[in-house]
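Please read the points below alongside the coordinates.

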Amino acid sequence: MASVGSGELQSANIFIPQEWSDAADTISYDSNTSPAPVALVCGPKNSGKTTLSRLLVNVLLQRYKKVAYLDTDVGQTEFTPPGLLSLTTIDKITSDLSIPCLKTPERCFFFGDISSKRDPKTYLACIFALYDHYRKTYLLSIGGSPGNAAVPLVINTTGWVKGKLYLLSNLFRLVWSLFFIYRICISAVSKNLPAGAFWLDDDNGAVATLIEVNSARQDSFNRSVLVQKDARLLRDLRVMAYFRQCFPSDMKITTIKELSRALAAHPPYEILISSIKIKHLHCEVPKSEVFYSLNATIVGLAVDSEDSENFPDCVGLGIVRAIDTFKHVLYVITPVPKSSLQKVDLLLQGFIEIPTCLLQVQGCTSPYMSADVLPSA
């Protein structure tokens, strides 16, 4: 198999060193079709984990019909808006590694924050649930279900900082016997993850294949360094790209101002308060303040699970445009199709913020009278 580090997979804004190409090819050369390989990418913040993950997906798609992608970075998500933990399947090679794109995940949970630090226990439990879904769907059923061909998995992790070793160790222990670990390093040793199989308490059998690569970005002294990114701006752009989906792709919306005005004028869905439950994540809100806290916020639109051990599936995000306490209705703007929205019976509020620029719209009145009414359950 030819190296994929150059040629059609390069882009004007992304440089793939030969070291990365060789490391990515390893997973294809060394893996059998069953069980499919699992690759986990880790490293410091802004070291290129997402780019390497995209490269691995492209390499695997040359051998497999589709690849599953488990995104555990709630602050810098790959296929969803921020605040979501998701499992997505990809079946087409990405020609430009510099361009992120939104995809509908196979399954996702609304964590409701851009960091795991408020609730690391729930964060890990959601990831374990997503991996368990992958395992049951694509690993355990291969022998008995001819429709499920081998599907490899790429796991993109959150940026390593001191204090997250507990999270990463638990994540590694989840699938350590199955996967390749791609560890990105930079010249500043103190910012790197510990060397070796740090997640193992002792010698207990086989160890995953550990592949170490240097960050693609280098300074004038040929030292591997971090890529400088404006994380908040990138999150805002992801949120705006998500809600841009409320409108036809051929509709002329090319600036933030045009999107702001389009959203302010967009007819919201009208949801009966009696048909849904409301849950605040990571904080307690007095019952008398529930509606005040919801107004003009981003919420997760979820389908509550009858099983208390499972997390509610999230079908997307919505903006609570207004609340009419006299009519007992919520007005919600969302790109989620009406057929999916009718299943929603739970609103989850976290700390995902509406970009400030979308709130600064003057001279627009939301058309509440033309709201699209959803029937109560």
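**Notes on the model**

1. In strand β1, Val38, Leu40 and Cys42 point one way while Ala39 and Val41 point the other way, and all are buried. Buried means under 20% relative accessible area, exposed over 50%, and partly exposed in between, with a 1.4 Å probe and protein chains only. Strands (E, at least two residues) and helices (H or I, at least four) are DSSP runs, numbered from the N terminus. In a regular strand the side chains alternate between the two faces of the sheet. Because five of the five residues of β1 (residues 38-42) are buried, this strand is largely enclosed by the rest of the structure.

2. On the basis of these notes: this is a predicted model, in which local features need pLDDT of at least 70 and side-chain atom pairs count only at pLDDT 80 or more, whereas totals for chains, interfaces and linings use all residues. Residues are numbered from 1 along each chain as its sequence is written, and side-chain values use heavy atoms, with hydrogens and water left out.

3. Which strands pair with β1 in the parallel sense? One is β5 (residues 153-156), joined over four bridges, with Val38 standing opposite Leu153; another is β6 (residues 179-185), joined over five bridges, where Arg183 is the bridge partner of Cys42. Two strands pair if DSSP finds at least two bridges between them.

4. Strand β3 (residues 84-90) has six of its seven residues buried, so β3 is largely enclosed by the rest of the structure. Strand β2 (residues 67-71) runs antiparallel to β3 and is joined to it by five bridges, with Val67 opposite Ile90. The pairing of β3 with β4 is also in the antiparallel sense, over four bridges, and there Leu84 stands opposite Phe110.

5. On the cysteines, a search of the whole structure finds zero disulfides, a disulfide being a pair of cysteine sulfur atoms within 2.5 Å. The cysteine sulfur closest to that of Cys314 is in Cys108, at 4.5 Å, which is too far for a bond. Cys314 counts as buried because its relative accessibility is 7%, and Cys246 likewise counts as buried, at 14%.

6. Three cavities of 30 Å³ or more are counted. The search uses a 1 Å grid over the protein atoms alone: a cavity is a set of points where a 1.4 Å probe fits but cannot get out, a pocket is an open set with protein on both sides within 12 Å along at least five of seven lines, and lining residues have an atom within 4 Å of a point. Grid points are joined across faces, edges and corners, and a volume is the space filled by probe spheres set on the points. The second largest cavity holds about 90 Å³ of space, and its lining includes Arg54, Val57, Asn58, Tyr69 and Ile90. Helix α2 (residues 49-61) gives the largest share of this lining, three residues. By class, the lining has six nonpolar, two polar and three charged residues, where Ala, Val, Leu, Ile, Met, Phe, Trp, Tyr, Cys and Pro count as nonpolar, Asp, Glu, Lys and Arg as charged, and the others, Gly among them, as polar.

7. The second largest pocket contains about 420 Å³ of space and is lined by 22 residues, of which Thr104, Pro105, Tyr242, Val315 and Gly316 lie nearest its centre. Strands β4 (107-110) and β11 (313-324) each supply at least two residues of the lining, and β11 gives the most, with four. The lining divides into twelve nonpolar, five polar and five charged residues.

8. Ile278, in strand β9 (residues 277-280), is partly exposed because its relative accessible area is 27%. Leaving aside residues up to four places away in sequence, Ile278 touches Val290, Phe291, Leu294, Leu346 and Leu347, contact meaning heavy atoms within 4.5 Å. The C-alpha atoms of Ile278 and Leu294 are separated by 9.2 Å, and the two residues are 16 residues apart along the chain.

9. Two backbone angles deserve a look. Most residues other than glycine have a negative phi, and most peptide bonds are trans. Phi of His282 is positive, near 70 degrees; His282 is in the loop between β9 and α7 (290-294). Phi of His328, in the loop between β11 and β12, is also positive, near 60 degrees.
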